[in-house]
Amino acid sequence: MHIAVLMLGLMTIATAPSLQAQPAAKPVRLVVLGDSLSAGLGLSAQDAFPAKLKKSLQDKGIAVDMTNAGVSGDTSSGGRDRLDWSVPDGTDGVIVELGANDALRGIDPDLTRAALTDIVQRLKARKIAVMLCGMLAPPNYGADYAARFNSIYPDLAKKFDVPLYPFFLDGVAADAKLNQADGIHPTAEGVDIIVGNIMPTAEAFLGTITEQRR
């Protein structure tokens, strides 16, 4: 009698739904499509922007698989040309960090705008979420060039209804302590500043992706 009651109790515990293991959240698959600023030129792999962003997100309990698809020297047109193989099927979201080399080389802003437009359109057509990282033109090309270039990112964010982090190097640009000897590429400490500043936008972006999965 006592054994039967004990066995019944054990069976009840074993089959109780509340005690069954819950499946872990499926990681969000992110690709950072960028140039040397996100590739981590001059830094170790773990100090590059994608790796540090992944760690910050994981520290917040956000499961993410992060691919660093940054190519040093790449322009927006270069990113567009390699888009299909840089962003594999199954990707949930892409953080686009392109345009710095366009601005440094004085490339016609119309070409940059066309390339970034194509990137966003093609990703959205594949049902992949997009987050834009803005860039600002250096002052040496004049006010007209800067106005044409700087307007690209907010214009595209509004047109395609995608989140925008207005200036990727905010808080780091022109600060010698946070840049390498070339004065352009962030140090590991500079990347920490970028990640800290961009986290609210990145968290909201991943939250939207997670909601759309449900």
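User: How many bridges join strand 3 to strand 4, and in which sense do the two strands run?

Analyst: Please note at the outset that this is a predicted model. Strand 3 (residues 93-97) and strand 4 run parallel and are joined by four bridges. Within this pairing, glycine 93 stands opposite alanine 129 of strand 4.

User: With which residues of strand 5 does strand 4 pair?

Analyst: Strand 5 (residues 164-165) pairs with strand 4 over two bridges, again in the parallel sense. Leucine 132 stands opposite leucine 164, and cysteine 133 stands opposite tyrosine 165.

User: In what order do the strands lie in the sheet?

Analyst: The order is 2-1-3-4-5, an open sheet of five strands with parallel pairing. Strand 2 (64-70) and strand 5 are the edge strands, since each pairs on one side only. Helix 3 (residues 49-59) packs on this sheet and touches strand 1 (28-34), strand 2 and strand 3. The direction of helix 3 makes about 165 degrees with that of strand 2.

User: How should I read the side chains of a strand, and which way do those of strand 4 point?

Analyst: The general idea is that side chains in a regular strand alternate between the two faces of the sheet. In this case, Ala129, Met131 and Cys133 point one way from strand 4, while Val130 and Leu132 point the other way. Is either set exposed, or are they buried? All of them are buried, and strand 4 (residues 129-133) is accordingly described as mostly covered, with five of its five residues buried.

User: At what angle do helix 8 and helix 9 pack, and which residues meet?

Analyst: Their axes lie 5 Å apart, at an angle of about 25 degrees. An angle under 35 degrees counts as roughly parallel, and helix 8 and helix 9 are therefore roughly parallel to each other. Arg148, Phe149 and Asn150 of helix 8 meet Ile152, Tyr153 and Pro154 of helix 9. The residues of this contact divide into four nonpolar, one polar and one charged.

User: Where is threonine 187 found, and why does it count as buried?

Analyst: Threonine 187 is found in the loop between strand 5 and helix 10 (188-213). The cut-off for a buried residue is under 20% relative accessible area; threonine 187 has 14% relative accessibility and so counts as buried. Leaving aside neighbours within four places in sequence, threonine 187 is in contact with Leu43, Lys177, Leu178, Asn179 and Gln180.

User: Finally, how many helices and strands does the chain have, and what share of its residues is buried?

Analyst: The protein chain has 10 helices and five strands. Buried residues make up 43% of its 214 residues. Of the contacts with a separation of 6 or more, 77% are between residues 24 or more positions apart.

Notes:
Residues are numbered from 1 along each chain as its sequence is written. This is a predicted model: local features need pLDDT of at least 70, side-chain atom pairs count only at pLDDT 80 or more; totals for chains, interfaces and linings use all residues. Side-chain values use heavy atoms; hydrogens and water are left out. Buried means under 20% relative accessible area, exposed over 50%, partly exposed in between (1.4 Å probe, protein chains only). Two strands pair if DSSP finds at least two bridges between them. Axes are lines fitted to C-alpha atoms, for helices over the stretch in contact, and angles run from 0 to 180 degrees between N-to-C directions. Angles under 35 degrees count as roughly parallel, over 145 as roughly antiparallel, 65 to 115 as roughly perpendicular and the rest as oblique. Contact means heavy atoms within 4.5 Å. Ala, Val, Leu, Ile, Met, Phe, Trp, Tyr, Cys and Pro count as nonpolar, Asp, Glu, Lys and Arg as charged, and the others, Gly among them, as polar.
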